[in-house]
Amino acid sequence: MSYIDELSTLAQAYSISTQYTDASGEVVQASPETLRALLHAVGVAAGDTVEELSRQRIAYQEEEFSRPLPRCIVARQGDSHFFTVHVHHGAFAHVTIATEQGETVEAVQEENWTDPRTIGGVVWGEATFSTPRDLPLGWHTVRLDSESVEAETTLVVVPTEVPQPTKQRHGVMAQLYSVRSERSWGIGDFRDLAALGTMLAEDAGIDFLLINPLHAAQPVPPVEDSPYLPTSRRFVNPLYICVEDVPEYSLVDDATRAEIDALAAPLRELNTSPAAIDRDPIFAIKLQALRELFFHREQEGPRHDMYVGYCEEEGDGLDEFARWCGERTGDTDSTETGNHTDPGELSEDAEFYRWLQFVCDEQLAAAQQAVKDAGMEIGIMNDLAVGVHPDGADAETLRDILTPEVSVGAPPDPYNVFGQDWSQPPWNPFALADSGYAPFRDMVRTVLRHSGALRIDHILGLFRLFWIPRGSSPATGTYMNYDYNALVGILALEATRAGAVVIGEDMGTFEPWVQDYLAERGLMGTSILWFESSPYHEGPRRQDEYRMLALTSGTTHDLPPTAGMIEGEHIRLRDRLGLLKNSFEEEDASDFEWQKQIYNVALDPEFYASLDLSHRPSGDDTLEIVRQLASFVRGTPSLLTCTALVDLTGDRRAQNQPGTVRSQYPNWCVPLTNDKGEAVTLETLRDQRYYKALVLERGH
């Protein structure tokens with residue numbers, strides 16, 4: 001074989017795609033430099049000659065044939081899952097399964113006539129075993145006993161599919177930071193989450209509230225604005241804590257409470273401003289107040305016992321996260337805990353951040369209980385980002401499971417001609433499997449703790465991710481393939497145990513079988529009104545053509561609210577920012593032509609006929625179109641349908657403009673406003689004319 005043939009074969013052995021098909025249907029070949037860089041990222045220093053590559057390919061094959069047990073085994077409940085075992089040739093192989101329920105069962109040996117191989121002077125043989133069909137769901141251990149060989153690996157028995165709603169459910173999506181009340185500290189918090197959900201359940205009869213990712217950002221200012229570039233996906237951002245709802249707030253003396261209230265006073269003035277939210281001063285003041293409450297926390301009693309139980313349940317992962325936070329805020333050497341009796345040896349700073357996670361968990365649980373009590377069937381729908389900040393907590397504490405030499409992104413396409421680099425280090429698929437997928441499980445389990453549903457951003461990342469050698473152009477990247485059966489199966493297991501629905505954001509370039517596979521496993525897809533073309537004829541989807549297993553909505557956080565879309569705000573914004581590929585007139589005309597086709601399908605025929613569509617609608621026509629499009633979405637067959645909170649206020653501004661930075665646009669910092677550009681608080685939400693038209697006048 002030639003050098004490139006050997007290199008490609010080695011790359012494919014490590015699940016690296018040597019070519020891919022781009023958005024235009026063209027086949028893109030990965031360069032030798034890219035293949036070498038990505039191999040190096042997973043621990044393989046590709047040789048410089050054909051002979052070296054050939055030796056590395058053979059070494060890989062020999063390593064796999066002398067591996068006593070698979071890295072991890074993921075089996076569907078009710079199936080006999082076959083797996084290979086390697087022992088010294090002629091030796092017995094006794095394989096047992098220790099279940100998480102405390103039982104031990106025998107694996108079933110199957111026929112295997114594979115020839116033995118001599119590796120490193122040892123003759124290795126291969127045997128095949130299968131799992132019993134009646135194994136319970138859960139995390140089990142496979143044990144191999146043989147002459148000179150003993151090994152263990154994780155066995156995960158997962159459900160065939162994730163639970164789905166028993167009937168159609170409607171919800172609202174909101175960016176929590178943008179939802180403020182008169183008493184907020186300049187940013188939405190967990191009390192606001194409960195209040196918003198309760199109000200919408202009472203007024204609109206909704207069954208879920210989809211919110212932005214709550215993932216932790218930096219432990220001290222300055223903090224990242226984007227909830228999709230967190231420092232940790234497992235843990236929560238304490239910026240959302242409602243200080244007054246922390247039990248210790250009632251324990252401090254009057255003078256201390258007055259000081260805390262004085263700190264909050266200037267922040268409360270921001271709640272009625274439409275100006276961009278500045279997280280840094282808000283977080284700095286919240287941390288100051290929360291530190292004071294931390295020093296007054298209980299050292300014994302029921303609440304302290306709850307704290308100890310929480311720490312034990314979250315385990316080493318919580319301690320490592322807290323240490324990482326503490327090391328960036330104060331004394332990194334101290335492990336003194338003073339007269340505190342909290343579990344573990346942590347510095348006071350680290351203990352503070354561990355306690356903050358406990359408070360977040362308490363308040364998120366209270367919010368979920370509040371919305372369920374108000375009548376929601378599902379409650380809070382959490383959102384899981386694609387990855388983490390390259391300099392964040394997960395990147396450090398999971399450094400052996402992630403791949404720091406690589407950045408996740410997207411290949412060039414007509415909308416991003418240079419491609420996208422999201423800067424996030426991806427999972428190393430081999431290290432993740434070696435860990436028994438425990439970091440992935442722990443992340444999903446924690447995020448689902450107080451959620452009735454989970455939306456997964458870019459769920460195609462469970463199948464493959466676009467890997468870019470760090471520091472290189474996205475045009476040089478290619479795809480790394482993942483064991484989607486394992487990842488989807490584990491997701492299904494943890495969701496089933498949490499009683500949660502799972503929705504995957506499955507838009508973008510992918511092979512058609514992916515959506516079929518997700519549907520087979522009970523994972524719902526995502527449909528956005530503006531992006532849906534009919535599979536049967538030219539033009540947009542008709543109402544009855546929408547997928548049943550989907551969350552269908554009128555807009556998304558990367559687009560303006562529906563009123564803004566109708567009036568062309570997204571085209572004007574991109575024109576101001578210099579992001580249009582063609583002239584403003586061409587882009588606006590093309591976009592409006594597509595919208596008119598949607599109106600023809602989605603609007604009441606009589607109303608549609610009355611519109612003057614020689615130009616974009618405005619005023620009362622915009623309001624009525626927003627109302628009818630929301631009604632159209634609710635009338636689709638999709639089991640989950642969703643209206644954006646910004647559509648219930650007549651807001652025009654997008655929360656995020658892809659391809660821009662803070663100096664260009666205030667991404668993820670836009671507070672909730674109405675059709676006049678005025679700030680809307682929870683106290684004034686019911687007064688908004690859009691809310692009256694879409695909610696109060698509509699009824700349940």
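Helix H15 (residues 569-576) has four named buried residues: Glu569, His570, Ile571 and Leu573. Buried means under 20% relative accessible area, with exposed over 50% and partly exposed in between (1.4 Å probe, protein chains only). Helices (H or I, at least four residues) and strands (E, at least two) are DSSP runs, numbered from the N terminus. The buried residues of H15 pack against helix H14 (562-566) and helix H16 (584-602). Just after H15, Gly578 takes a positive phi of about 70°.

This is a predicted model, in which local features need pLDDT of at least 70 and side-chain atom pairs count only at pLDDT 80 or more, while totals for chains, interfaces and linings use all residues. Residues are numbered from 1 along each chain as its sequence is written, and side-chain values use heavy atoms, leaving out hydrogens and water.

An open sheet has four strands in the order E18-E17-E20-E21, with antiparallel pairing. Two strands pair if DSSP finds at least two bridges between them. The edge strands, E18 and E21, each pair on one side only. From one strand to the next, the twist averages 50°.

| Strand | Residues |
|---|---|
| E18 | residues 420-424 |
| E17 | residues 406-410 |
| E20 | residues 464-469 |
| E21 | residues 478-481 |

Four bridges join E20 and E21 in the antiparallel sense, and Leu465 stands opposite Met480 in E21. Helix H2 (residues 32-41) packs on the sheet and touches E17, E20 and E21. Contact means heavy atoms within 4.5 Å. The direction of H2 makes about 105° with that of E20; axes are lines fitted to C-alpha atoms, for helices over the stretch in contact, and angles run from 0 to 180 degrees between N-to-C directions.
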